[in-house]
Amino acid sequence: MESGELLHFKNLKRYRDETYATIDTNYFSIALKNMKDGFAERFEQFKTNKSTLTFIVNPLNTNTNEFNIEPFGIDTGSLQMQLLDLKTKDLRNGKFTELKSKLEELEVQKCMHIAQHKWTALKEIPRVEALIFGAWNSLPECYSEVKKLAYGVLTIFGSTYSCEQAFSCMNIIKSKVRSQLTNKNLESCLKLKTTSYKPDLIKLSKGMQSQCSH
């Protein structure tokens with residue numbers, strides 16, 4: 001942008017060439033710099049907690065001293081012992097070696113399909129989160145603290161979208177005309193609204209005592 005060649009801004013370059021307009025590249029350079037600084041500041045925590053975040057796909061080459069486990073309520077001593085045991089068990093740690101290989105292969109497949117514009121083929125590729133959860137679900141409960149950290153990291157919200165959506169649903173459900181709705185019933189309504197949970201109405205109705213009309 002600063003050079004004025006607009007090599008990476010093809011639409012802007014085309015507009016300039018077609019209309020012979022004068023482009024204030026300095027204005028765009030400042031805007032891009034401010035955007036870059038804004039993103040760097042906003043996602044600073046991701047850099048600080050890099051070791052914690054990468055733990056879910058590469059637990060065998062991590063240092064527990066660099067983890068931020070405070071938000072997850074994990075016992076540090078138990079975590080270190082379980083992680084050490086995990087690293088020494090070939091049968092267990094082999095799953096994460098295989099996971100890393102599958103994720104790398106998955107990335108190659110995605111790049112190939114995108115390059116060849118095979119968009120429908122992308123749906124047939126296994127989802128990354130399914131592979132990661134599958135590896136962690138295969139571990140027995142003797143690695144409870146290690147799994148707790150992994151699940152804690154995996155369930156971190158990538159954005160506030162889900163929270164904002166839940167609040168919007170809550171405001172719609174508990175309106176002014178439903179002010180007597182209890183918190184327990186509100187929680188049940190939110191689960192039905194924000195998840196794919198489908199209650200077994202037939203089974204539930206059999207357990208309820210019908211009230212005869214007078």
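**Aromatic rings and a nonpolar patch**

The structure holds five aromatic pairs. Let's take two of them. Tyr27 and Phe28 pair edge-to-face. Their centres are 5.4 Å apart, with 80 degrees between the planes. Tyr27 counts as exposed, at 55% relative accessibility. Phe28 counts as partly exposed, at 32%.

Now the next pair, Phe133 and Tyr151. Their planes sit at 20 degrees and their centres are 6.2 Å apart, so this pair is stacked. Why stacked? Planes under 30 degrees apart count as stacked. Where are these two residues? Phe133 lies in helix α7, residues 128–137, and Tyr151 in helix α8, residues 144–154. So the pair ties together parts that are 18 residues apart in sequence. Phe133 is partly exposed, at 29% relative accessibility. Tyr151 is partly exposed too, at 25%.

There is also a cluster. Ring pairs link Phe55, Phe67, Phe96 and Trp136.

Next, the surface. Which residues form the nonpolar patch? They are Leu32, Met35, Phe39, Phe43 and Phe46. Together they have about 470 Å² of accessible area. Helix α2, residues 25–42, gives the largest share: three residues. Phe39 is found in helix α2. At 48% relative accessibility, Phe39 counts as partly exposed.

A word on confidence. This is a predicted model. The protein chain averages a pLDDT of 82. Of its residues, 95% score at least 70. Confidence is highest in helix α1, residues 10–19, at a mean of 89. Confidence is lowest in helix α3, residues 44–48, at a mean of 74.

Methods: Residues are numbered from 1 along each chain as its sequence is written. This is a predicted model: local features need pLDDT of at least 70, side-chain atom pairs count only at pLDDT 80 or more; totals for chains, interfaces and linings use all residues. Side-chain values use heavy atoms; hydrogens and water are left out. pLDDT is the predictor's confidence in each residue, from 0 to 100. Helices (H or I, at least four residues) and strands (E, at least two) are DSSP runs, numbered from the N terminus. Patches are made of residues with over 30% relative accessible area and no salt bridge: like charges are joined within 9 Å, nonpolar side chains (Val, Leu, Ile, Met, Phe, Trp, Tyr) within 5 Å. Accessible areas come from the Shrake-Rupley method with a 1.4 Å probe; for residues, only the protein chains shown count as cover. A salt bridge is a side-chain nitrogen of Lys or Arg within 4 Å of a carboxyl oxygen of Asp or Glu. Buried means under 20% relative accessible area, exposed over 50%, partly exposed in between (1.4 Å probe, protein chains only). Rings of Phe, Tyr and Trp (its six-membered ring) pair if their centres lie within 6.5 Å; planes under 30 degrees apart count as stacked, over 60 as edge-to-face and the rest as tilted.
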